Amino acid sequence: MMKLSYKFLMVVVLSFLGSVLLFYILFANRYRAMDFYIANYTDLKSPAEQIDDMQKKITETRISRKDKKAILELMKQYPSLSMQLYSNDREYIADHILSDEGISINTRSVWVELYYPEEKDFQLKFYDGDCYLIVQSYQGMTFIMIYLFVSSTIALGLFFSITIHFVRKKMKYVLRLENEMKLIESGDLQHQIECVGNDEIGSLATQLDHLRVALKENMEKESEARKANEELITTMSHDLRTPLTSLMGYLDILEMKIYKNEADHDAYIEKCKQKAEQIKTMSDRLFTHFFVYAQDDDILLVDIPTQQIKETLSNCCLELMSSDFQVEETYCEEDGILQGDMGLIDRIFDNIFSNVIKYAQKEQVKVALFIEENKLHIQVKNQKKMNQFKEESTCIGTKSMDKMIRQMNGKIIINDEESTYCVECMIPLKK
């Protein structure tokens, strides 16, 4: 990324060099412009034409070359010419040098020659002899001064126009970003911020667009979570109503003593306990679900050796065996370290094995732990009970497990077939 200050400095330097080059080109062609102007837009006579006119006046008035006063008066009639008159043997006769009272001739400096007058030699014929005249023409000097002023103005105009254009372009982009942020502030998160340039302003635009995308994603997730919770509460209310209605019916039977004998009485009490347990289980799942989602920002991942996971998984298998389940355990010998939360892992195992106790046949429960592609795989597979009553129609436990495993950057795969049920958790290991 190039800094904006460097860009501005580069623009200033380039515009300055361009202005200097333009002024040099105009300055180098000053005499061509002067000749073109004099030839097309003025009626000025050339130095040669003015000297011919002078010669005619000398001839008509029969001026003597010794009459210096008359010669000087005649020279003053040509204010754009600086003249020096000599005899043929180089003897000084008279001169007319332009001074500050007329057109300034102080046009030289130590570094540049602004104007160099044209110098020519002429022969003048007086009635008493010929003379040698040296002439310097300053008739284009005023034009040159004006031309140089205009050239300087054009060069400075080029410099400021390029610099101001650059600044104006950047300010225009900043104002456009301001307008786009106002659109986003009004709620239009679909409006993409255009990112132009590789300087600080372009980087700011990129970051603002990333902020827009993140804000949009967060709002979408929040909306989805709100919708999911609303659906969950609605479904849970419906699912709780069924066992609650049955429980109230059984309690009414017991209250009104509508039963034949003590065996029926005990049977209705057992059914009440089952329904109450069913309601408790569903409420516990609901609590776990909201607890996990509420603790999203409080998860601290630490290093956990896979050996500790194996021990926890082995203890869960022992509990299954104590409930007369036949468990086939398979553990790999390879060890590793993962980043996770042991509390979340315990909740995941409790969820998995409580489902096994409720819904699985006591035969053919397979538990495996292995490492593949730098990931720890935990797999629990069982045969489902026939004609079982499905308590968790809301799948709260599955959603909670998926949330917990994703908090540890892992993934869960559930394969629910007609007769078998398989849960596989995958958590990445540290390299």
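Sheet and core

A: Seven bridges connect strand E8 (residues 365–372) with strand E9 (residues 375–383), and the two run antiparallel. Strands (E, at least two residues) and helices (H or I, at least four) are DSSP runs, numbered from the N terminus; two strands pair if DSSP finds at least two bridges between them. This is a predicted model: local features need pLDDT of at least 70, side-chain atom pairs count only at pLDDT 80 or more, and totals for chains, interfaces and linings use all residues. Residues are numbered from 1 along each chain as its sequence is written, and side-chain values use heavy atoms, with hydrogens and water left out.

Q: Which residue in E9 is the bridge partner of Phe370?
A: Strands of a sheet pair through backbone hydrogen bonds, either parallel or antiparallel. Here the partner of Phe370 is His377.

Q: In what order do the five strands form the open sheet?
A: The order is E6-E8-E9-E11-E10, with mixed pairing. Strand E6 (327–331) and strand E10 (411–416) are the edge strands, each pairing on one side only.

Q: Which residues touch the most other members of the largest nonpolar core?
A: In soluble globular proteins, nonpolar side chains tend to be buried together. A nonpolar core is a set of buried Ala, Val, Leu, Ile, Met, Phe, Trp, Tyr and Cys residues joined through side-chain atoms within 4.5 Å; buried means under 20% relative accessible area (1.4 Å probe, protein chains only). Of the 36 residues in the largest one, these are Ile309, Ile348, Phe349 and Phe353. H9 gives the most to this core, eight residues.

Note on methods:
Buried means under 20% relative accessible area, exposed over 50%, partly exposed in between (1.4 Å probe, protein chains only).
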